[in-house]
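Visitor: Hi! I'm new to this one, could you walk me through it?
Guide: Happy to. Here it is.

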Amino acid sequence: MVTWVHSNCRGLLNLLNGRSEGTVERKHQNISAILIELGFVYISGYKSFSNYQQTLHDFMSDRLTQSDALKAILHEQVTAPVVVPTVADILTVWTLPPTLSKPRPVFAERPLRPRRGAGYVAMEAANSSLGLAGEEFTVAFEKARLIHVGRDGLAERMEHVSLSVQPDAS
């Protein structure tokens, strides 16, 4: 996944004369929206904001679709096998979920522009190792949850049913 640390955004301000931090962050939100529409992964930490200039969309589309090096890197990443954390890994970072101070707003769905491009998000979704990793993570998480509340015996009895039950051959 593409990551961008907010401090890098502030560092970019030094190169741009007279731009506010909010302006640069909004542009990164625009870039996230365009990445999503082109089938790429958005910039982590920048929520998609699709009120952008068409010239930015056209520029990014041209640059992203013409870069063979980028295509190779993305293809390798979205088709790579997924590494699933172990129960012990999950227990080392276990925290209680946060409580919401106010209800989340519900936003109306708006139609997206038709997607063009390579569809790396779709490729990643089709990656069978990703689906299996999701199942394995769920089993590991539930085992960790049971261990966390003192039900080690139940955790030991858990099984990954889709792997342990053979389909009926009849």
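Visitor: How much space lies in the largest pocket?
Guide: About 450 Å³. Keep in mind that this is a predicted model.

Visitor: Which residues are closest to the centre of that pocket?
Guide: Those are Lys-27, His-28, Ile-31, Ile-43 and Met-60, out of 20 residues that line the largest pocket.

Visitor: And which helix gives the largest share of the lining?
Guide: That's α2, with 6 residues. Helices α2 (21–37), α3 (54–66) and α4 (68–79) each supply at least two residues of the lining.

Visitor: Okay, new topic: α7. Which of its residues are buried?
Guide: Ala-133, Val-139, Ala-140, Ala-144 and Leu-146 are buried in α7. They cover an arc of only 160° around the axis, so they sit on the same side of α7.

Visitor: What do those buried residues pack against?
Guide: They pack against two other helices, α5 (87–92) and α8 (152–157).

Visitor: How far apart are the end C-alpha atoms of α7?
Guide: They are 30 Å apart. Helix α7 runs over residues 128–148, and at 1.5 Å a residue its 21 residues should span 30 Å, so the two values agree.

Visitor: What about just after α7, which residue takes a positive phi?
Guide: Gly-150 does, with a phi of about 80°.

Notes:
Residues are numbered from 1 along each chain as its sequence is written. This is a predicted model: local features need pLDDT of at least 70, side-chain atom pairs count only at pLDDT 80 or more; totals for chains, interfaces and linings use all residues. Side-chain values use heavy atoms; hydrogens and water are left out. Helices (H or I, at least four residues) and strands (E, at least two) are DSSP runs, numbered from the N terminus. The expected span of a helix is 1.5 Å times one less than its number of residues. Buried means under 20% relative accessible area, exposed over 50%, partly exposed in between (1.4 Å probe, protein chains only). The arc is that of the directions from the helix axis to the C-beta atoms. Contact means heavy atoms within 4.5 Å. On a 1 Å grid over the protein atoms alone, a cavity is a set of points where a 1.4 Å probe fits but cannot get out, and a pocket is an open set with protein on both sides within 12 Å along at least five of seven lines; lining residues have an atom within 4 Å of a point. Grid points are joined across faces, edges and corners, and a volume is the space filled by probe spheres set on the points.
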